Amino acid sequence: MGTPIIALCPGQGAQAVGMGRAWSEASAEARHVFEVADKVMGSRLGQPLSQLCFSGPSERLNQTDASQPAIFACSVASWRGMLARWNMGEHDVPLAATSGLSLGEYTALHLAGSISFEDGLELVALRGQAMHDATLTPESKAGGGSGMVALVGADEEKAQQLCDDARGQEVLVCANFNAPGQIVLSGHKSACKRVLDLAGKAGVRATELAVSGAFHSPLMSPAAERLHEALSRTPVRKPRTMVVSNVTGLPHEPHAGVDEPEAWGRSIRDRLKQQLVSPVRWAQSMAWKAGKIKGHYHELAPGKTLAGLMRRIERSIQVETHDEP
């Protein structure tokens, strides 16, 4: 296989009971990933991670602290299974670039050799727990708690205007630019309620999302600080291929342009901290990638969300999904 490969790694929300089971049954390499994940995670999720992925229950799998390490492990398992089917090792595959939606950026960095699997799993487990805990702070619980609203039919300018009009003295920001006309807002629940009414009057379809908190907003600052502390103790290497940042929508690069391991590590750690309180610029990153990189796009398990978003961002790009072997 000589065609350049572009790997897309899913984020939270892609989880579903049964994910990864077919890969584990079909591939010894994929099964080994789940075995390592079970050892790393131990009993902290209340049951083995693989059992949670394969059999649920969905109520537990959908909780932030469980879904993040589960998705990370499932994505890496599918990737290892794919490599085995292609008869390639990690360093043989013509990997031109990787990208991941929010949580998926950790998977993308692992595929690029920047973070080990064990370290990546520990980081996303802590990230999920820290994000959950951030929803319980007095600031997040003020005004009836926090949440997110999906807008369909708004560009960035209109979405920002809706935030400004509905925010009042609370938090309400653009959190995800998923595709043209598909933007997610994040903030206090009372502000989210106000924007539902204002959006309808502005001709924008708005839907409250079933999430536990205001992700990718300033309300996640406590989680960002905890994550940065953990990142500071984690080896982060220069990626061996291009990895696109959610914060900038452009490839990661070293601080001050200095091509040294330390400069790369500092920059990636800072971007991952920023990511928790900044909007995810997925649409921008995919549009940039479509214009710059030619190759075969592959979406890792679980789910097919990113292929669907790509059809809205750039219809000429075909994404092969690998939810199952």
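Predicted model: local features only at pLDDT ≥ 70, side-chain atom pairs only at ≥ 80, totals over all residues.
Residues are numbered from 1 along each chain as its sequence is written, and side-chain values use heavy atoms, with hydrogens and water left out. Helices (H or I, at least four residues) and strands (E, at least two) are DSSP runs, numbered from the N terminus.

On to the strands around that loop. Strands count as paired if DSSP finds at least two bridges between them. Strand β8 (residues 296-299) runs parallel to β1 (residues 5-9), joined by four bridges, with A7 opposite H298. Strand β8 also pairs in the parallel sense with β9 (residues 319-321), this time over three bridges, and here Y297 stands opposite V319. From β8 the chain crosses through helix α14 (residues 305-313) to β9, a right-handed β-α-β crossover; right-handed here means that, with the strands pointing away from the viewer, the path from the first strand over the helix to the second runs clockwise.

Next come two helices. The expected span of a helix is 1.5 Å times one less than its number of residues. Helix α5 (residues 64-85) has 22 residues and should span 32 Å, which agrees with the 32 Å between its end C-alpha atoms. Buried means under 20% relative accessible area, exposed over 50%, and partly exposed in between (1.4 Å probe, protein chains only). In α5, 19 of the 22 residues are buried, so this helix is largely enclosed by the rest of the structure. Helix α12 (residues 261-275) reaches 21 Å from its first C-alpha to its last, close to the 21 Å expected for it. Its buried residues include W264, I268 and L272.

N87 is exposed, with a relative accessible area of 72%, whereas S102 is buried, at 12%. A further cis peptide bond runs from G56 to P57, with omega near 10°, and P57 belongs to the loop between α3 (49-55) and α4 (58-61).
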